[in-house]
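Which side-chain contacts link separate parts of this chain, and where do they sit? The paragraphs below go through aromatic pairs and salt bridges in turn.

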Amino acid sequence: MLDDLVAGAVLDASERRLTRSLSSVEADALAMPPALDALHALAPADRVKIIAEVKRASPSRGPLADIPDPASLAVSYETGGASAISVLTEGRRFGGSLDDLVAVRDAVRVPVLRKDFLAEPYQVFEARAAGADLVLLIVAALDDTVLHELFELTRELGMTALVETHSADEVSRALDVGAALIGVNARDLSTFELDSDLFGRLADSIPSGIIRVAESAVKSAADVAHYRRSGADVVLVGEALVTGDPVATLTSFLETEPWH
């Protein structure tokens, strides 16, 4: 499944390149105002921080929410206390687009993450040109050479990479490239099975000073508390927010017990 998602995202980017060249998107990216400081926004605090996601659908659940106005939803997230906004820009299985990212970036003042299956520099330049402050780099989808290349390009453009892992080996690879923001996704992107205890098993392999992000398997405040007790500084939440009352749900997640 992960291979298919990456291949589809790269193909879609290739089609966009037919009407918007690499040199053009690179120029647009370099002309953007500086990216917001996501590491500061997501720095460890007395209470958990939330990256709230604009997410219309997923391969595992299908359609989740229409979201006709992603900017309005993002403003609700920001008002509700989200420290950053994640925007799914993958169109085939998640129903997103770069237009969603542009709309959200124009509407909020917190950092914005481009959540997609990035595998080539063109997509990273696209992210910055659309206003992204962060990009997702999935270790399982990239060999070491490409991971280093995209990570360095992200840094050169002033953005922050959320480097996503699913195993101790992948955490080691994320550390090798110098990641300061490491995510652990409870969803196996090959089988789409969930393991809510994976973060806890990997958290100790992420050194102090690296921001730890727990991803997936969040349905309730109890799930957020579970991740917090396991050492999460930040929890990324999508499905639980878009399928209920976003602000009320977000408020309940942010009120989980502080870390001691």
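A residue is called buried when its relative accessible area is under 20%. The model discussed here is predicted. Arginine 56 has a relative accessible area of 17%, so arginine 56 is buried. Its salt-bridge partner is aspartate 100, with the closest N and O atoms 2.4 Å apart. Because aspartate 100 lies in helix 5 and arginine 56 in the loop between strand 1 (49-54) and strand 2 (57-58), the pair ties together parts that are 44 residues apart in sequence. Aspartate 100 is buried as well, at 8% relative accessible area.

This contact is one of 13 salt bridges found in a search of the whole structure. Another joins the side chains of arginine 17 and glutamate 120, at 2.5 Å from N to O. Here the link runs between helix 1 (residues 2-17), which holds arginine 17, and the loop between strand 5 and helix 6, which holds glutamate 120; the two residues are 103 residues apart. Glutamate 120 is buried, with a relative accessible area of 16%, whereas arginine 17, at 30% relative accessibility, counts as partly exposed. Arginine 17 also lies over the face of tyrosine 122, 4.7 Å from the ring centre.

A further salt bridge brings together the side chains of arginine 114 and glutamate 126, at 3.3 Å from N to O. Arginine 114 belongs to strand 5 and glutamate 126 to helix 6, so this pair ties together parts that are 12 residues apart in sequence. Both residues, arginine 114 and glutamate 126, are buried. They are also members of a network of salt bridges that links Arg16, Arg114, Asp116 and Glu126.

Turning to the rings, the structure holds two aromatic pairs. Phenylalanine 94 and phenylalanine 117 form a tilted pair, 5.9 Å from centre to centre with 35° between the planes. Phenylalanine 94 lies in the loop between strand 4 (84-88) and helix 5 (98-107), and phenylalanine 117 in the loop between strand 5 (112-115) and helix 6 (121-129), so the pair ties together parts that are 23 residues apart in sequence. Phenylalanine 94 and phenylalanine 117 are both buried.

Why is the pair of phenylalanine 199 and tyrosine 227 edge-to-face? The ring centres of phenylalanine 199 and tyrosine 227 are 5.8 Å apart and their planes stand at 75°, and planes over 60 degrees apart count as edge-to-face. Phenylalanine 199 is in helix 9 (residues 198-203) and tyrosine 227 in helix 10 (residues 221-229), so the pair ties together parts that are 28 residues apart in sequence. Phenylalanine 199 counts as buried at 1% relative accessibility, and tyrosine 227 counts as buried at 1%.

How values were computed: Residues are numbered from 1 along each chain as its sequence is written. This is a predicted model: local features need pLDDT of at least 70, side-chain atom pairs count only at pLDDT 80 or more; totals for chains, interfaces and linings use all residues. Side-chain values use heavy atoms; hydrogens and water are left out. Rings of Phe, Tyr and Trp (its six-membered ring) pair if their centres lie within 6.5 Å; planes under 30 degrees apart count as stacked, over 60 as edge-to-face and the rest as tilted. Helices (H or I, at least four residues) and strands (E, at least two) are DSSP runs, numbered from the N terminus. Buried means under 20% relative accessible area, exposed over 50%, partly exposed in between (1.4 Å probe, protein chains only). A charge sits over a ring if NZ of Lys or CZ of Arg is within 6 Å of the ring centre and within 35 degrees of the ring normal. A salt bridge is a side-chain nitrogen of Lys or Arg within 4 Å of a carboxyl oxygen of Asp or Glu.
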